[in-house]
Amino acid sequence: MVAPTTPFLSLRGHRHLRYRLLLAIVSRSGLEISGIRVSDADTTIGLCSAERNLIRLLTALVPDARFDILQDGTTVVLRWAPRGGKAPLVPGGTYIHVCPPDRSVAYYAECVLFLAGATSGTRGSPLRVEFVGPGSDNHGDSLTVDALAAVHVPLLKRMGVIALVNIVERAAVQDPVGGRVIVTIEPSNAPLRPIRLVDQSSVSAVRGIAYSAGLHADVATSAADAATALLRKYYTDTIVSVSAESQPSSSDPSPSSAGYALTLQATGPPHTTFSASCTFHPRSFPSPRPPPSANSTGVPSLEQIDCSHPPPENLGVRAARLLLQQISQRGCVDSAAREFVLTLMAVVAAQSTSASDVAARETEHAACVRLGALDPCVIGILRDLKAYLRVEFDVYSDIKTRTIVLTPQIS
């Protein structure tokens with residue numbers, strides 16, 4: 001755990017809310033975030049259902065954290081209960097968390113992986129979180145569970161944290177039962193190790209999986225074939241497997257529980273990994289259709305959902321193009337994992353405060369990462385890292401490779 005850097009922080013707006021909550025937890029800082037979606041342009045006022053659900057998860061994982069949601073959800077306050085003894089910030093144990101359908105399970109599972117990494121060395125028992133519920137394990141073009149297993153888990157292993165992301169049962173989009181994803185982190189007696197991700201290399205292999213639920217297996221096969229045909233023009237070592245979870249049933253003709261998706265990963269030695277995913281998602285009818293009926297999950301009824309399936313070949317081509325776009329951005333880290341890696345590197349830097357640690361960081365094994373560019377999300381997280389952990393990043397622009405190398409430094 002990182003020592004407190006500031007007694008209380010006051011921020012405004014919903015941007016980077018998830019990582020701001022996580023940084024406040026690992027630094028054990030008080031936090032107030034106000035003005036959450038108060039503009040007339042916002043379709044939702046205050047916290048959305050996924051953010052409220054995330055706060056419930058953090059409350060369960062971090063017993064000392066006290067979250068207060070004020071003013072109809074437009075303000076969140078984090079306070080801390082007095083601690084007794086040397087209890088770990090995130091104790092081990094087994095948890096079951098029900099996810100709503102409006103975000104991927106990866107939205108929550110990434111937080112578990114981050115907290116487990118940031119508190120490495122303080123937890124004496126394993127941590128196991130089982131995610132269940134109506135949410136799909138992959139959602140739209142957002143971060144997916146497959147990407148967590150392919151990108152985030154190997155990065156944690158390089159930093160000394162053994163984690164496992166197991167998809168027990170995939171959920172179709174809008175499935176009322178949902179799937180099961182289990183995240184397991186082994187106990188560790190050692191703190192996080194600095195990680196060095198600067199050795200850029202060309203992509204040597206592409207792997208992927210196309211899966212469907214409640215549809216014929218030919219749907220996933222068509223998506224896989226379309227992606228493979230496009231990617232093999234650039235990378236001959238391309239293999240996309242197919243998984244058909246269930247076939248359509250004549251007793252349940254409802255299309256609301258059917259869907260398909262495709263996830264791709266491109267790898268290059270020694271540690272370059274990129275990923276891209278696409279998931280079919282039912283579209284709500286536009287106006288002048290009546291708005292969805294109010295219910296506990298916020299899911300539109302079947303009559304208000306357009307469940308027509310676009311050609312699977314289109315989804316395969318889109319996923320392949322997204323992967324090629326990721327590769328063209330260069331660097332050693334997938335864009336979906338940039339905030340994750342930078343934040344853990346800052347935690348390592350903040351934990352290393354002794355003279356020997358400072359000397360170690362100045363050696364050739366010092367932590368640094370090569371990125372393709374500094375986008376607004378990266379710039380925002382760098383500002384938060386300075387505010388929470390007092391860690392700044394030295395930025396070196398490599399003109400030859402058109403990349404940027406970031407190295408954390410204690411300010």
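1. The buried residues of helix 1 are Leu17, Arg18, Tyr19, Arg20, Leu21, Leu22, Leu23, Ala24, Ile25 and Val26. Buried means under 20% relative accessible area, exposed over 50%, and partly exposed in between, with a 1.4 Å probe and protein chains only. Helix 1 spans residues 17–26 and is largely enclosed by the rest of the structure, because 10 of its 10 residues are buried. Helices (H or I, at least four residues) and strands (E, at least two) are DSSP runs, numbered from the N terminus.

2. This is a predicted model, in which local features need pLDDT of at least 70 and side-chain atom pairs count only at pLDDT 80 or more, while totals for chains, interfaces and linings use all residues. Residues are numbered from 1 along each chain as its sequence is written, and side-chain values use heavy atoms, with hydrogens and water left out.

3. Most residues other than glycine have a negative phi, and most peptide bonds are trans. His16, in the loop between strand 1 (8–12) and helix 1, has a positive phi of about 60° although it is not a glycine. His16 is partly exposed, with a relative accessible area of 27%. Arg28, which follows helix 1, also has a positive phi, near 50°.

4. Gln71 is another non-glycine residue with a positive phi, of about 50°. Gln71 sits in the loop between strand 3 (65–70) and strand 4 and counts as exposed at 60% relative accessibility.

5. Trp80 belongs to strand 4 (residues 75–80). Leaving out residues up to four places away in sequence, Trp80 touches Ala24, Ile25, Arg28, Ser29, Gly30, Val62, Asp64, Ala65 and Leu89; contact means heavy atoms within 4.5 Å. The side chain of Trp80 reaches the backbone oxygen of Ser29 at 3.0 Å.

6. A cis peptide bond, with omega about 0°, joins Pro269 and Pro270. Pro270 lies in the loop between strand 12 and strand 13. Thr267 is in strand 12 (residues 259–268), and Thr272 is in strand 13 (residues 272–279).

7. Which of these two threonines is buried? Thr272 is, at 1% relative accessibility; Thr267, at 33%, counts as partly exposed. Beyond four places in sequence, Thr272 touches Asp199, Gln200, Ser201, Ala266, Thr267, Gly331 and Cys332. With the same exclusion, Thr267 is in contact with Val203, Ser204, Ala205, Thr272 and Thr273. The C-alpha atoms of Thr267 and Ala150, 117 residues apart along the chain, are separated by 9.6 Å.

8. Thr403, in strand 18 (residues 403–410), is buried with a relative accessible area of 2%. The side chain of Thr403 makes a polar contact with the side chain of Arg370 at 2.9 Å. A polar contact is a pair of N or O atoms within 3.5 Å; within protein, one must be able to donate a hydrogen and the other to accept it, and residues adjacent in sequence count only if both atoms are side-chain atoms. Contacts of Thr403 beyond four places in sequence include Gln200 and Gly331, and both of these residues also touch Thr272.

9. Helix 7 (residues 338–351) and helix 9 (residues 376–389) pack at an angle of about 20°, with their axes 10 Å apart. Helix 7 is therefore roughly parallel to helix 9. Axes are lines fitted to C-alpha atoms, for helices over the stretch in contact, and angles run from 0 to 180 degrees between N-to-C directions. Angles under 35 degrees count as roughly parallel, over 145 as roughly antiparallel, 65 to 115 as roughly perpendicular and the rest as oblique. Among the residues making the contact are Leu342, Ala346 and Val347 of helix 7 and Val378, Ile381 and Leu385 of helix 9.

10. Helix 5 (residues 217–231) and helix 6 (residues 312–328) pack at about 40°, with their axes 7 Å apart, which means that helix 5 is oblique to helix 6. Residues that meet here include Ala223, Ala226 and Ala227 in helix 5 and Gly316, Val317 and Ala320 in helix 6.

11. For the whole protein chain, the secondary structure comes to nine helices and 18 strands. Of its 411 residues, 53% count as buried.
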